[in-house]
Amino acid sequence: MSIEVLAVNKNFGTFKALDDISLKFPDGELVALLGPSGCGKTTLLRVIAGLEHADSGRILLDGVDATDKDVRQRRVGFVFQHYALFRHMTVFENIAFGLRVRPRRERPSEKEIRAKVTRLLELVQLGWVANRFPSQLSGGQRQRIALARALAVEPRVLLLDEPFGALDAKVRKELRRWLRTLHDELHISSIFVTHDQDEALEVSDRIVLINKGRVEQIGAPGEIYQYPETAFAYGFIGSVNEFRGRVEQGYVRIGDERLRIEDKHFSDGQQVIAFSRPQDTEIVSYDQSEDGVSARINRILGNGALARVELIANGEARQGRKEFFEVEIPGLELQSLGLSAGQRVKLKARKLSVFSDQNGSNAS
């Protein structure tokens, strides 16, 4: 089922949660709503589900206006972060609940309900826990049961709000892989909310990046990572080193230091934010070059094929805190550099992406 959001606005008092958002979700895709806490992504999901009503704007499901329809009429499946399973019911009864409370004329027979629940338990690979209670399951198992319960009512779209947020890292990674496989089998239109960039990059067909109630960028995971369109997108997706300064004759001037830039669209004196990924940042001897940003090595992590060097910026702290940088270096190069904790070095960028510090609209 295709989903279209048209000029949706939502306020909570003086706080603007959604600011004129328009989006189209194609049929059969697994889309991630990604952004920091409080950016509006969960509010948008709840508006699509019918759990919240927008102040203005429309929701179309398969081209039909569903703005004034309730949750049941929209036929959406909703999976919450904290499972929301009925503790007094067995796993089997939890999954069957949505079928049993249907109006009599739409309710399947008991035989049909049992057959459907059994199939769903097999689908989520938990047929052996049918007679257990939620308290007897692990967090990962409970989340899979919550997903089975959402699928039981044959939703036209599946909505997931931080589905793995309450789980530990190992289980979260396993369930991400499992959800992707399940989606490829079912091909049901799905939207999931997350603030975890790795989760969005690994699982989704497409990412909608949201910031302060507005859409920053939409694209495939690789596109969002490789070609961020704004300073926020660059800084939020993946690890990054950030340098703030002003343009001066082909350089970014950062205090008394500078980094060369290739972009010709910036005027001298313009305030900018420059970004470099850890793999695109290099460490050079402090006395080797006039260019570069000075820093002190804090820690060296890993001595295998790829090492990660953590550095602390020299100079004054910004906004009351010291700035940290990260550089990824092949193991052999690390050995040849002879780096050690406390050593003073300079950072240079093989690739530097530059954005206006005023509106983040100009990128190199």
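Analyst: The account below takes the pocket, then the cavities, then the nonpolar cores.

The model is predicted, so local features require pLDDT of at least 70 and side-chain atom pairs count only at pLDDT 80 or more, whereas totals for chains, interfaces and linings use all residues. Residues are numbered from 1 along each chain as its sequence is written, and side-chain values use heavy atoms, with hydrogens and water left out.

Rolling a probe the size of a water molecule over the atoms shows where empty space is left. Here the search runs on a 1 Å grid over the protein atoms alone: a cavity is a set of points where a 1.4 Å probe fits but cannot get out, a pocket is an open set with protein on both sides within 12 Å along at least five of seven lines, and lining residues have an atom within 4 Å of a point. Grid points are joined across faces, edges and corners, and a volume is the space filled by probe spheres set on the points.

The largest pocket has a volume of about 700 Å³. Its lining consists of 23 residues, and V71, R72, V76, G98 and V153 lie nearest the centre. Helices (H or I, at least four residues) and strands (E, at least two) are DSSP runs numbered from the N terminus. On that basis, α2 (71–74), β6 (76–79), α3 (91–100) and α5 (139–152) each supply at least two residues of the pocket lining, and β6 gives the most, with 4 residues. The pocket lining divides into 16 nonpolar, 2 polar and 5 charged residues, where Ala, Val, Leu, Ile, Met, Phe, Trp, Tyr, Cys and Pro count as nonpolar, Asp, Glu, Lys and Arg as charged, and the others, Gly among them, as polar.

There are 2 cavities of 30 Å³ or more. The largest cavity, with a volume of about 50 Å³, is lined by L30, L158, L160, L179, L182, H183, L186, I188 and S190. Both β7 (157–161) and α6 supply at least two residues of this lining, with α6 giving the most, at 4 residues. By class, the lining of the largest cavity has 7 nonpolar, 2 polar and no charged residues.

For the second largest cavity, the volume is about 40 Å³, and V79, Q143, R144, L147, L160, P163, F164, W178 and L179 form the lining. Two or more of these residues come from each of α5 and α6, and α5 gives the most, with 3 residues. This lining contains 7 nonpolar, 1 polar and 1 charged residue.

In soluble globular proteins, nonpolar side chains tend to be buried together. A nonpolar core is taken as a set of buried Ala, Val, Leu, Ile, Met, Phe, Trp, Tyr and Cys residues joined through side-chain atoms within 4.5 Å; buried means under 20% relative accessible area, with a 1.4 Å probe and protein chains only. The largest such core has 44 residues, and I95, L121, I145, L147 and L158 have the most contacts inside it. To this core α5 gives the most, with 7 residues. Apart from it lies another core of 27 residues, among them F25, I48, A66 and V157.

With contact defined as heavy atoms within 4.5 Å, I145 touches L85, V91, I95, L121, L126, V129 and L137, residues up to four places away in sequence not being counted.

Definitions and conventions. Buried < 20%, exposed > 50% of the residue type's maximum accessible area, 1.4 Å probe, protein only.
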